[in-house]
Amino acid sequence: TGITASTTEVVGDVKARKDADPAWYEALEKRYTQEVLPVAETALLGGDWKTLGQTADVNHALLQELSVSCKELDDLVTAARAAGALGAKMAGTGRGGLMFAVCGDDEA
């Protein structure tokens with residue numbers, strides 16, 4: 001995106017939300033550890049790019065809920081999906097920076 005964000009600020013904002021609503025954070029963390037992480041690991045190890053792309057999409061939605069994405073990253077993720085990516089998500093600190101897409105073939 002060309003946007004840089006302060007890791008300290010992003011992490012501080014997440015911590016403040018976690019402290020304000022521990023149940024919300026625990027539910028989000030549970031979804032990540034149960035719905036994203038094990039599924040993505042199995043898909044990656046097995047070369048199942050379609051499932052890996054789907055878990056990238058789920059992960060990006062969780063990161064949006066965590067408020068670490070931004071409009072520019074969301075627009076790039078949407079553009080990647082529209083161009084044929086199997087899934088996409090932001091990466092790094094968030095609120096700028098970068099995203100990656102999972103592509104199944106040379107045409108995507």
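Biologist: What does the accessible surface of the chain come to, and what percentage of it belongs to carbon and sulfur atoms?

Modeller: Please note that this is a predicted model. The accessible surface amounts to about 6400 Å², and carbon and sulfur atoms account for 56% of it.

Biologist: How many of the residues are buried, as a percentage?

Modeller: Of the 108 residues in the chain, 31% are buried.

Biologist: Turning to the fold, which elements does the chain have, and in what order do they run?

Modeller: The chain holds four helices and two strands. Read from the N terminus, the order is α-α-α-α-β-β. The radius of gyration is 14 Å, close to the 13 Å that the globule rule gives for 108 residues, so the chain is as compact as a globular protein of that length.

Biologist: What does the C-alpha trace span along its principal axes?

Modeller: The spans are about 45 × 30 × 20 Å.

Biologist: In which sense do β1 and β2 pair?

Modeller: Strand β1, residues 87-91, pairs with strand β2, residues 98-102, in the antiparallel sense, and five bridges link them.

Biologist: A last topic, the charges: how far apart are the mean positions of the positive and negative ones?

Modeller: The mean positions of the 10 positive and 17 negative charges lie 5 Å apart.

Terms used. Residues are numbered from 1 along each chain as its sequence is written. This is a predicted model: local features need pLDDT of at least 70, side-chain atom pairs count only at pLDDT 80 or more; totals for chains, interfaces and linings use all residues. Side-chain values use heavy atoms; hydrogens and water are left out. Two strands pair if DSSP finds at least two bridges between them. The radius of gyration is taken over C-alpha atoms; the globule rule is 2.2 Å times the number of residues to the power 0.38. Buried means under 20% relative accessible area, exposed over 50%, partly exposed in between (1.4 Å probe, protein chains only). Accessible areas come from the Shrake-Rupley method with a 1.4 Å probe; for residues, only the protein chains shown count as cover. Lys and Arg count as positive and Asp and Glu as negative; His and the chain ends are not counted. The place of a charge is taken as NZ of Lys, CZ of Arg, CG of Asp or CD of Glu.
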